[in-house]
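I am opening my notebook on a new structure.

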Amino acid sequence: MYLLESKAGAIVCMLLALFFLGTWPALLTLVERRGRLPQHTYLDYSLTNFLAALIIAFTVGAIGNSTPTEPNFLAQLAQENWPSVLFAMGGGVVLSLGNLASQYAFAFVGLSVTEVITASITVVIGTSLNYFLDDKINRAEILFPGVGCFLIAVCLGSAVHSSNTADNKAKLSNLSSDYKAGSLDSLKETKGVKPMDLEAGGDDKIKAGTAVFLLDLEKRRAIKVFGKNTFIGLAITFFAGICFSLFSPAFNLATNDQWHTLKEGVPHLTVYTAFFYFSVSCFVIAIILNVIFLYHPVLNLPKSSLMAYFRDWDGRGWALLAGLLCGFGNGLQFMGGQAAGYAAADAVQALPLVSTFWGIVLFGEYRKSSRRTYMLLGSMLFMFIVAVAVLMASSGHRKTQ
């Protein structure tokens with residue numbers, strides 16, 4: 001079993017996790033915008049997400065000798081460590097619910113704002129819990145100012161969303177009523193026709209940020225958002241953020257047993273064993289819920305079936321890649337947290353920096369917006385850069401058990 005002990009190694013893990021965890025939401029958004037049902041996408045995503053956990057467990061988690069005090073992954077499977085296993089599985093349940101909810105929130109609220117709100121809730125609640133669970137190994141005078149930066153960033157993120165929504169309404173209102181009506185009527189006439197790929201480029205590409213772009217996007221996407229109450233998306237987003245804020249503390253309890261639930265002499269779960277159980281429950285919940293959603297969809301999505309899912313290969317490669325990125329990203333985050341403290345590892349919650357980049361490059365978010373929106377967006381990103389730097393600077397070093 002490979003044990004990460006250096007602070008430098010932990011920071012490298014955090015940075016890689018930051019990139020992976022900021023990229024997979026963009027891939028799910030890309031597939032949804034091309035018209036693939038989110039139930040199909042999430043089933044694919046869940047398969048490779050679990051595969052990543054298996055790869056980590058049977059490679060770095062199983063290599064080397066196993067000792068009574070430092071057992072490897074295979075040795076721990078036979079030990080009486082169910083209290084810690086249940087904490088790990090509980091963390092997997094809330095993460096699965098959060099990821100599932102955020103997939104729908106991306107369509108309603110937008111990739112960038114969804115990530116800002118959920119990440120900030122995760123930091124404010126989750127990082128505070130991890131600080132006390134980690135026996136305060138992180139420097140509070142640095143850690144909590146970083147949490148404050150996230151609070152400022154979420155306020156700026158809300159302002160960005162409000163300003164950008166007003167910009168979009170202004171763009172649509174500038175269209176003639178006849179053209180707008182014709183465009184909206186055409187939404188019903190293109191069923192079964194493969195729409196133009198807005199992300200692929202070409203001479204006939206619609207310019208991102210225009211009113212025509214917004215109307216054509218609504219025609220193409222799987223989750224229709226026009227006419228929906230704005231509070232639906234915000235409610236889903238806040239639910240996802242609360243779920244995300246709980247999974248890291250649960251994993252912390254699973255690997256460090258701060259509440260002394262294990263019997264005397266039973267070693268703590270290694271990060272690899274805990275991540276395996278964590279991923280098992282995450283996978284099971286995702287499969288159950290998405291199979292249900294195939295036949296009983298939410299948010300007025302069309303019904304589907306397992307047979308239709310197996311036949312749907314459009315966008316499957318992107319969904320499978322998203323699952324791998326998320327799985328390895330979570331694994332790297334936990335490896336870094338075990339070495340330097342889970343509160344500091346929550347610096348990966350600055351992933352909106354990456355997601356916002358993909359949102360602007362791939363999806364044209366904030367294109368042709370007002371100067372006020374651009375200023376708010378720049379301020380939000382600046383606060384996230386400050387926040388991630390401060391949280392990483394608060395890293396401590398965990399004492400061995």
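My entries follow, topic by topic.

**Ground rules.** I am working with a predicted model, where local features need pLDDT of at least 70, side-chain atom pairs count only at pLDDT 80 or more, and totals for chains, interfaces and linings use all residues. I number residues from 1 along each chain as its sequence is written, and side-chain values use heavy atoms, with hydrogens and water left out.

**Confidence.** I checked pLDDT (the predictor's confidence in each residue, from 0 to 100). The protein chain averages 80, and 81% of the residues score at least 70. I then looked at the helices (DSSP runs of H or I, at least four residues, numbered from the N terminus). Confidence is lowest in helix 7 (residues 177-185), at a mean of 46. It is highest in helix 11 (residues 306-311), at 96. Over residues 177-204, pLDDT stays under 50.

**Cores.** I looked for nonpolar cores (sets of buried Ala, Val, Leu, Ile, Met, Phe, Trp, Tyr and Cys residues joined through side-chain atoms within 4.5 Å). Buried means under 20% relative accessible area, exposed over 50%, and partly exposed in between (1.4 Å probe, protein chains only). The largest core has 75 residues, and Trp24 and Phe278 have the most contacts inside it. Helix 4 (residues 82-109) gives the most to this core, with eleven residues. A second, separate core has seven residues, including Leu215 and Leu217.

**Phe278.** I listed its contacts (heavy atoms within 4.5 Å). Leaving out residues up to four places away in sequence, Phe278 touches Phe247, Phe251 and Phe334, among others.

**Helix 8.** I asked how many of the ten residues of helix 8 are buried. Eight are, so I call helix 8 (residues 211-220) mostly covered by the under-20% rule. Among them are Asp216, Glu218 and Arg220.

**Asn290.** Is Asn290 buried or exposed? Asn290 counts as buried because its relative accessibility is 0%. Asn290 lies in helix 10 (residues 271-295). Its contacts beyond four places in sequence include Tyr42 and Leu100.

**Surface patch.** Ile125, Leu129, Ile242 and Leu246 form a nonpolar patch on the surface, with about 310 Å² of accessible area together. Helix 5 (111-133) and helix 9 (230-256) each give two or more residues to the patch. For this, nonpolar side chains are joined within 5 Å, from residues with over 30% relative accessible area and no salt bridge. Ile125 sits in helix 5. Ile125 counts as partly exposed because its relative accessibility is 35%.

Methods: Patch = residues over 30% accessible without salt bridge, like charges linked within 9 Å, V, L, I, M, F, W, Y side chains within 5 Å. Areas by Shrake-Rupley, 256 points an atom, 1.4 Å probe, with all protein chains shown as cover. Salt bridge = Lys/Arg side-chain N within 4 Å of Asp/Glu carboxyl O.
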